[in-house]
Amino acid sequence: MKTIVGILTYGRDTIRYEVRFLASRQTLAIEVHPDSRVLVRAPVDCPEALIAERVQKRAAWINRQLSEFERYRPRTPARQYVNGESHLYLGRQYRLKLLPGEMPSVTLARGRLLVCLPGEPDPERVKSLLHRWYLDRARAVFGEVLEAGLLHFKGVEHPRLIVRAMQSRWGSLSRAGTMTLNVNLVRAPRPCIEYVVTHELCHIKHRDHDARFFRLLGQVMPDWEQRKQRLEAALL
């Protein structure tokens with residue numbers, strides 16, 4: 001497969017894009033990915049000058065997509081894992097309370113996040129225990145949201161769900177049908193989680209963020225923009 005790299009200038013911004021020449025393609029397609037990659041898929045005989053012209057014509061759209069993904073990146077502040085620190089769960093703030101105990105455990109009680117550990121509760125041990133707790137809760141909550149969301153997508157195969165820490169996005173859907181969600185999303189209000197899951201389910205029907213994608217998203221979740229803004233306000 002032949003590939004080349006191009007440079008797009010838009011205002012003061014310089015945007016790098018990759019072109020892949022594919023025998024299977026009959027038309028040219030431009031994709032902007034959540035990790036800020038700009039990818040052009042082109043037929044093998046497509047002139048490079050034509051590709052550069054097409055990319056330049058889509059410069060405004062490419063720049064908007066990149067800006068949108070930049071706003072969508074999670075920016076959870078670094079935690080110290082000490083007594084009194086505030087931690088989010090499903091949109092609510094909980095104060096961290098470290099307690100001695102024979103068995104490690106994490107529980108929610110009266111606005112506090114109670115962490116019990118034998119011995120000295122050093123921050124690294126607290127961090128590790130809390131991460132496992134968030135991961136367990138995220139798997140349960142995301143599973144429930146996914147099951148409910150699928151009711152709006154008739155005939156869609158149930159995607160495999162993976163929950164893990166992600167640096168650059170809240171969720172993704174692979175071409176193989178695997179939905180990956182950021183464990184930190186469980187800190188957001190449930191309506192925001194529903195938005196991210198619905199967003200990824202729409203990608204089963206439409207891979208790109210084109211007009212068809214947003215039309216479907218609007219049909220399934222008319223208030224998706226408000227939920228997205230709420231997510232940004234809660235966690236960014």
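**Exercises on a predicted model**

Gln65 lies in helix 2 (residues 59-71); helices here are DSSP runs of H or I with at least four residues, strands are E runs of at least two, and both are numbered from the N terminus. This is a predicted model, in which local features need pLDDT of at least 70 and side-chain atom pairs count only at pLDDT 80 or more, while totals for chains, interfaces and linings use all residues. Residues are numbered from 1 along each chain as its sequence is written, and side-chain values use heavy atoms, with hydrogens and water left out.

**Exercise 1.** Decide whether Gln65 is buried or exposed, and find what Gln65 touches beyond its sequence neighbours.

*Solution.* Let's start with the cut-offs: buried means under 20% relative accessible area, exposed over 50%, and partly exposed in between (1.4 Å probe, protein chains only). Gln65 has a relative accessible area of 12%, so Gln65 is buried. Next come the contacts, meaning heavy atoms within 4.5 Å. Leaving aside residues up to four places away in sequence, Gln65 touches Val32 and His209. Finally, look at His33: 32 residues separate His33 from Gln65 along the chain, and their C-alpha atoms are 8.4 Å apart.

**Exercise 2.** Describe how helix 3 packs against helix 4.

*Solution.* First, the geometry: helix 3 (residues 123-150) and helix 4 (residues 190-205) pack with their axes 9 Å apart, at an angle of about 55°. Helix 3 is therefore oblique to helix 4. (Angles under 35 degrees count as roughly parallel, over 145 as roughly antiparallel, 65 to 115 as roughly perpendicular, and the rest as oblique.) Second, the partners: from helix 3, Val141, Phe142, Glu144, Val145, Leu146, Gly149 and Leu150 meet Arg190, Ile193, Glu194, Val197 and Leu201 of helix 4. Third, the classes: this contact of helix 3 with helix 4 has eight nonpolar, one polar and three charged residues. Here Ala, Val, Leu, Ile, Met, Phe, Trp, Tyr, Cys and Pro count as nonpolar, Asp, Glu, Lys and Arg as charged, and the others, Gly among them, as polar.

Terms used: Axes fitted to C-alpha atoms, helices over the stretch in contact; angles between N-to-C directions.
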